[in-house]
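Student: Hi! Could you walk me through this fold, starting with the rings?

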Amino acid sequence: MSDSTIEALNKKLDRLIEAVARLAPPPVPETDLGEADCFVWQADPGHLEPVRKVNRVDIGLIRGVDRVRDILVDNTERFASGYAANNVLLWGARGMGKSSLVKAVHAAINASAKLDLPLKLIEIHREDIDTLPKLMNLLKAAPYRFILFCDDLSFDHDDTSYKSLKAALEGGVEGRPANVIFYATSNRRHLLPRDMIDNERSTAINPSEAVEEKVSLSDRFGLWLGFHKCSQDEYLDMVDGYVGHHGLAIDPETLRAEALEWATTRGSRSGRVAWQFTQDLAGRLGKSLKD
């Protein structure tokens with residue numbers, strides 16, 4: 001075989017090796033858990049993405065939910081200190097600060113400087129719930145303690161991924177790692193549509209067993225914290241809190257009238273509506289809001 005033939009074969013082999021290398025999945029980047037206090041779980045390829053700037057509000061600005069706030073703070077403090085604590089389901093009316101409260105409690109506990117190591121918050125998306133065991137396996141040997149947080153968790157018809165969540169929380173052979181706790185928010189107390197549960201009851205051979213299978217998921221959460229629609233006074237208190245925090249100068253009577261008109265046009269009163277009104281007010285006053 002001539003030298004020119006060997007050289008041509010080598011070039012073809014090099015191109016083939018390059019093509020195969022391009023087909024291989026990229027290496028999973030290593031996660032430095034000390035890099036940030038908040039992360040987002042990227043299920044593919046299995047990496048924790050650090051969040052430099054977290055979208056959250058100060059815990060003092062979350063009004064109208066004092067009782068559930070205190071319960072969540074107490075549960076989270078006990079977990080962060082290494083004591084027994086429960087998984088938490090925050091359920092109920094939309095816009096009443098469920099996810100905001102989780103993020104605010106996490107920040108408040110880390111700011112208290114009572115911990116040797118900071119508490120970590122990791123968000124996992126609803127569609128990645130079936131990768132929860134993989135994430136827990138990644139975290140269990142770490143020196144930190146972790147809140148796994150899923151916002152707006154719910155399951156639709158023919159969705160069986162809730163079984164993965166059940167097993168990961170309490171039902172698996174290995175169980176939930178001691179340094180991991182799971183917080184979820186949902187508009188549904190049982191995380192499943194009411195008509196889905198009713199359908200199981202009407203079509204099953206043993207209706208009670210079928211319903212037990214569906215609602216047992218929410219039983220994996222030791223704490224159920226309910227968020228209900230706020231009163232007019234609570235709504236106005238939320239508006240006052242936001243306006244005062246951001247230093248917006250406006251006559252109190254004018255503020256009250258405009259805030260109530262805003263809620264009427266929206267057809268609801270909630271913390272989210274109060275915040276949206278505050279953003280609109282700041283824009284009309286030519287002011288920017290604090291970070």
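**Rings and charges**

Tutor: Happy to! K120 lies over the face of Y144, 4.5 Å from the ring centre; a charge counts as over a ring if NZ of Lys or CZ of Arg is within 6 Å of the ring centre and within 35 degrees of the ring normal. This is a predicted model, where local features need pLDDT of at least 70 and side-chain atom pairs count only at pLDDT 80 or more, while totals for chains, interfaces and linings use all residues. Residues are numbered from 1 along each chain as its sequence is written, and side-chain values use heavy atoms, leaving out hydrogens and water.

Student: Which residue lies over the face of F79?

Tutor: That's R145, at 4.4 Å from the ring centre of F79.

Student: And how many aromatic pairs does a search of the whole structure find?

Tutor: Four aromatic pairs. Rings of Phe, Tyr and Trp (its six-membered ring) pair if their centres lie within 6.5 Å; planes under 30 degrees apart are stacked, over 60 edge-to-face, and the rest tilted. One of the pairs is Y144 with F146: the centres are 6.5 Å apart and the planes at 70 degrees, so this pair is edge-to-face.

Student: Are Y144 and F146 buried or exposed?

Tutor: Both Y144 and F146 are buried, where buried means under 20% relative accessible area, exposed over 50% and partly exposed in between, with a 1.4 Å probe and protein chains only.

Student: What about F182 and F221, how are those rings arranged?

Tutor: Their centres are 6.0 Å apart and their planes at 50 degrees, so the pair is tilted. F182 lies in strand 6 (residues 180-186) and F221 in the loop between helix 7 (207-215) and strand 7 (223-227), so the pair ties together parts 39 residues apart in sequence. F182 and F221 are both buried.

Student: Why is strand 6 described as largely enclosed?

Tutor: Seven of its seven residues are buried, so strand 6 is largely enclosed by the rest of the structure. V180, F182, A184 and S186 point one way, and I181, Y183 and T185 the other. In a regular strand, side chains alternate between the two faces of the sheet.

Student: What does strand 6 pair with?

Tutor: Strand 5 (residues 146-150) runs parallel to strand 6, joined by five bridges. C150 stands opposite A184 there, and F149 has Y183 as its bridge partner. Strand 3 also pairs with strand 6 in the parallel sense, over four bridges, with W91 partnered by S186.

Student: And which residues are on the covered face of strand 7?

Tutor: L223, L225 and F227 are on the covered face, while W224 and G226 are on the uncovered one. Five bridges join strand 7 to strand 3, and the two run parallel; F227 stands opposite G92.

Student: Last one: how many helices and strands does the chain have, and what percentage of the residues is buried?

Tutor: The chain has 10 helices and seven strands. Buried residues make up 40% of its 291 residues.

Conventions: Pairing = 2+ DSSP bridges.
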